[in-house]
Amino acid sequence: MVDSLHASESTVSYPLHISGITVNFNKPKTNIESAEVRIGKLHSPIALEAGNRSLQRRFSPPMVLSQGDTFSLHIQSTKWLGMKTKHRDITFNPDDVFRAYSASERREYTKIHEKINIVIDLSGSTTTEAEQSISSGQSLELRPTTSELFRKCPRFRILVIGKTGVGKSSVINHAFGVENTITSHYKPGEVSIDHEFISPENDKFVLHDSKGFEPGDEDNLKIVEGFIDRRRNMLTPEHQLHAIWLCFEIPRAGGRLLETGTEDFLKLKSSGKLGNVPVVVVLTKYDMLIGRIERNLDETSANGLNDKAIKEVVKNKAEAELQNTCIGPLKQFAGPDIPYVTISTEADYKQTLVHLIEITESRVGRYCAPEAAVMTSIAQRVHPGLKIKASIEVGKKRYWKALGSCPMFKNRSMWDCLRVLHIDIVDVWNFRDPHKYLHSQEFRTMMMNMVDKIEVGPATNPTKTMAFGLSMVGTIAAIVSALAGPAAPIVVPIAVGAVLAVWAYDVYQISYAPLFFRRFMAYIIHLTLVLQTLYLISESQELTRRAIKLAVNCYIESPMSGEANTRIQDYDDQLTIVDRMDSDALDKIVEVMQFYSIDEAQMSKLREKPHVDLPDEPWS
């Protein structure tokens, strides 16, 4: 072993902060599968992209190294075409690292170990720019709440276990709204379970893949158990495992669901040896079970029944078969605390994916860090209700709690205040928006002008229109059907360009809280409901400006926009200044957003609309 920096007698007394690490290796017969920085009990993995001969990781926040800590780099590698796996620990002497920091102007420590070159980036202080600005009296930019959330837990981390052919890729694609399966170009067993799959179409989840438990394959059970144990011992939500989907194809009647390895895995989980990480059993290809029962349905069972009644008979027979072939064996080994979901990714069974995500989010919320539960909702792309729930959770953490008396908004323009509210809400919905249209000045201007237009529009009676979801679905279906003809540009009946509503330039003052309070409420609610409409229109496709303008138009023309505004005005008219500083205001925002949340039944109606391409076009 050769350290490139010579020892120096000078040391530093304060902790060092490791902001990054780069690992380069030059052994042609060795493939590095994964690596992990270990300081004391804190383990932080480093991902390796396929085909690369180096690993690199930036740590935010930095990892802290104190004198007396153990410090090492754990590497897993394979040789001889992947047939031989080797684990090694490269240890660092903290005193050498401290001396290197004192002696080097570049603030880095370099170590060479058996042709592996390691460069560690160092800093002696974690004083943030924000802290420096406060101490100097400099005015700080308002920070979105999601920036702190993504710093602590940037992705929902899931392990999916299942044999080839059970439909794992299809489930992943549909649940997280990606088109290109991120594991499809790898052969089974080709990639380590530690490999992080991150889709460019949705970077808010990270997938770990396991091939399942074949008969007589005890090694994979040990690999999975070791992976879960390592992740469980990591201290930050960013690196912890948040959920496991254990996938099986529903067998035919008389078929066997569980192999010995799977039974052992479920026993480990039910005994508590795998910790609290939530496990959900996913029974795939439910549509094939339904189709099989329909084909074998005898005439006497269907005699005299209408289509709806026949579907109910088929469903009951399917449930009975599931109890015999799947649920009974699962309960025997899994115990009562491992839920199961039957799913299909076919168009008529989309609600099964919604149920899968609901159960997963609920379990993550119960057993993992709060940030992980929010990231579950942000990562998924099948359940708009969970997007609204996550928006509320993010809003509660900071800005929504006191819209009428927010000290962080003091002496700032409405444009600046609404910017952070806008970013938080848009970030939670996590659309496929590579061009950042939803963060653009044009869209923000459109939203502010829409709030202005609705605010001065005719009042409606919200108690008279209760079928709001179906009204919205009807509005979307009518407009989309009209667009099936020639693709003329969509014209939004509000200003899109640089002309802002006059009040955008107003400076926030608590003494004028009523005006600001109502507009904050209106912006939060209208933006959320516009994004819900966009979700229903876009169906996880890459966003275009045409799709965004269509969503705004649908929302403006639906009864929902006027009704929501009337609820806001009626509520605000009853408040005193003191009331606006109270948490009841937050409760009202939550109430209105949840009231207008569209459920799965209404979404199913919308799926009957004709599909229309929405190519990109200018804002105006």
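**Exercise 1.** Which residues in α11 are buried?

*Solution.* The model is predicted: local features need pLDDT of at least 70, side-chain atom pairs count only at pLDDT 80 or more, and totals for chains, interfaces and linings use all residues. Residues are numbered from 1 along each chain as its sequence is written, and side-chain values use heavy atoms, with hydrogens and water left out. Buried means under 20% relative accessible area, exposed over 50%, and partly exposed in between (1.4 Å probe, protein chains only). Helices (H or I, at least four residues) and strands (E, at least two) are DSSP runs, numbered from the N terminus. By this criterion, E371, A372, A373, V374, M375, T376, S377, I378 and A379 are buried in α11. Helix α11 spans residues 370–379, and nine of its 10 residues are buried.

**Exercise 2.** Determine the strand order of the open sheet and identify its edges.

*Solution.* Two strands pair if DSSP finds at least two bridges between them. Six strands with mixed pairing give the order β11-β12-β10-β13-β14-β15. At the edges, β11 (197–199) and β15 (340–342) each have a single partner strand, so one side of each lacks a neighbour in the sheet. The partner β12 (residues 202–210) pairs with β11 in the antiparallel sense over two bridges; F197 stands opposite L207 in β12.

**Exercise 3.** Describe the contact of α17 with α18.

*Solution.* Contact means heavy atoms within 4.5 Å. Y555, I556 and E557 in α17 meet P559, M560, S561 and A564 in α18.
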